[in-house]
Amino acid sequence: MVLAMHMSDGLVNPPTALAFGAIAVIGLAVASSRARRDLDDRTAPMAGLVTAFVFAVQMINFPILPGASGHLLGGAIVAMLVGPWVGSMCIAIVLVVQALLFADGGLTALGTSIVNMALVGVFVGYAVAFALRGLARRSRRGLIITAFVAGLVNVVVASLGFVLQYAIGGAGGADIGTVLTLMVGLHTLIGIGEGIITAATVGAIAASRPDLVYLLRRPGPPLDVRGRAVSGSTS
Amino acid sequence: MSAGHSHPLYLHGSSPVHRLPAEVKIVAAFLGVVCVVVTPREAFAVFGGYLLLLAAVWAVARIPPGWIAARSLIEAPFVVLAVLLPFTGEGPMVEWPLLGDTVLTLSEPGLLGAWNILVKGTLGVLTSLTLAATTPLRDLLLGLQRLRAPSLVVTIATLMLRYVDVIAAEARRMRLARISRGHDPRFLWQAGATARGVGALFIRSYERGERVHLAMLSRGWAGEMPRLSDAVTTRRQWAAGLCPVAVALALAVTGLVTA
């Protein structure tokens with residue numbers, strides 16, 4: 001069920017893996033420079049803790065059917081909560097650590113997985129949420145609907161990324177139409193679950209700390225420091 | 001923090017493989033998997049060679065093959081696609097006699113494709129498991145640092161690995177607290193409460209991040225993690241670590257030439 005997230009070695013041919021590896025490196029370089037702008041000197045500790053959160057959340061299993069359970073991927077949640085730049089860094093680091101320490105996903109397939117989950121998934125999820133931000137800011141119900149759609153689209157688009165990579169350099173002999181139907185069908189179901197959990201989570205956070213939801217933040221007026229005026233009046 | 005913080009796939013030991021610097025092992029594992037991936041799928045014997053090579057590494061590292069085998073089941077969900085290929089593929093079909101008159105008709109390219117995904121995926125997982133089993137967390141971060149991974153990435157990964165157990169334990173405590181207050185986690189109905197718990201967990205993680213940041217500042221944080229070790233990796237260590245890669249390369253060349 002986490003096919004799109006953790007691709008194994010040998011699923012796509014070496015040139016494709018190499019090309020997507022290069023895209024992943026460039027994408028993450030851009031994301032890391034923009035993440036610094038979003039969080040300034042707090043970048044490292046905040047992103048570290050948000051990444052730990054993503055990692056911990058992926059350990060919580062939700063029931064799908066009796067006997068089968070799945071976990072949250074978290075792409076849309078982090079995109080809406082900390083923004084796409086920090087969010088994509090977090091998901092990418094989770095993927096790297098899982099590949100190196102937990103043998104989750106192939107080492108040579110890291111590039112393709114990062115492009116699918118950390119870049120395409122997070123950014124498309126954020127783009128959907130950003131497009132619906134008017135709705136999200138209007139009411140709680142609007143925010144919940146936005147989060148649901150972002151969670152669903154995030155998963156489906158990540159699986160489409162896999163289908164694209166498979167179409168470019170798939171090492172198997174499967175018909176691309178079959179793969180497309182299978183992957184999109186499967187991930188629409190997973191995406192509905194992801195959407196429901198994303199909506200409930202973002203809704204709960206917005207209820208107690210709306211200031212932590214990146215999507216709801218508005219650029220406020222620049223801070224007006226009137227130190228001189230104050231010191232002048234007191235003297 | 002320095003002691004005990006190990007990950008579930010680490011197998012404690014002091015073999016030569018354990019003592020090798022992490023960056024050597026990361027590079028060797030990566031290059032080894034690259035060799036596997038470029039090997040043509042028709043070179044069946046070569047894949048057996050890779051398995052023998054890995055078995056030799058396990059012998060040196062004193063990892064019981066059964067230990068690795070039990071953990072390699074992690075791969076199972078990734079190869080779902082492989083199972084479908086022989087049934088959905090086209091081209092020349094192979095007939096497989098089952099019981100009585102039933103004959104299973106399978107696509108030949110599909111079978112080859114499935115074999116390709118299965119064997120390369122398995123060898124990849126076995127390699128990653130070997131790396132994880134012989135490399136503790138701290139060494140891995142040090143290895144990434146020495147491989148010139150961007151410092152921001154290493155710092156985030158360090159903090160993440162230091163706090164992931166704290167946050168996971170917090171999630172467990174929250175679940176326990178919910179249950180002790182009458183929550184009955186069953187089937188779909190638990191999703192709502194669990195998701196609200198995830199929301200609370202995010203707020204706690206974020207606020208912990210703010211506190212950690214202040215604590216780091218008060219201890220002189222200037223935007224860069226201090227170097228964790230001054231040990232220098234010698235050429236001999238690189239040579240020792242890259243030995244299996246040379247064998248893998250020879251195997252890959254054999255495969256490319258013969259197939």
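Trainee: What share of the contacts in chain B with a separation of 6 or more comes from residues 24 or more positions apart?

Mentor: This is a predicted model, where local features need pLDDT of at least 70, side-chain atom pairs count only at pLDDT 80 or more, and totals for chains, interfaces and linings use all residues. Residues are numbered from 1 along each chain as written, with chains lettered from A and ligands numbered from 1 in written order. Two residues are in contact if their C-beta atoms, placed from the backbone, lie within 7 Å. For residues 24 or more positions apart in chain B, the share is 78%.

Trainee: How many helices and strands are there in chain B?

Mentor: Both are DSSP runs, numbered from the N terminus: helices are H or I with at least four residues, strands are E with at least two. Along the sequence, chain B reads α-α-α-α-α-β-β-α-α-α-α-α. That gives ten helices and two strands.

Trainee: What does H1 of chain A reach from its first C-alpha to its last?

Mentor: H1(A) covers residues 14-39, which is 26 residues. The expected span is 1.5 Å times one less than the number of residues. That expectation is 38 Å, and H1(A) comes close to it at 36 Å.

Trainee: Which element gives the most to the side of chain A that touches chain B?

Mentor: 58 residues of chain A are in contact with 73 residues of chain B. H1, H2, strand E1 (61-65), H4 and helix H8 (176-208) of chain A each supply at least two residues of that side. The top contributor, with 14 residues, is H2(A).
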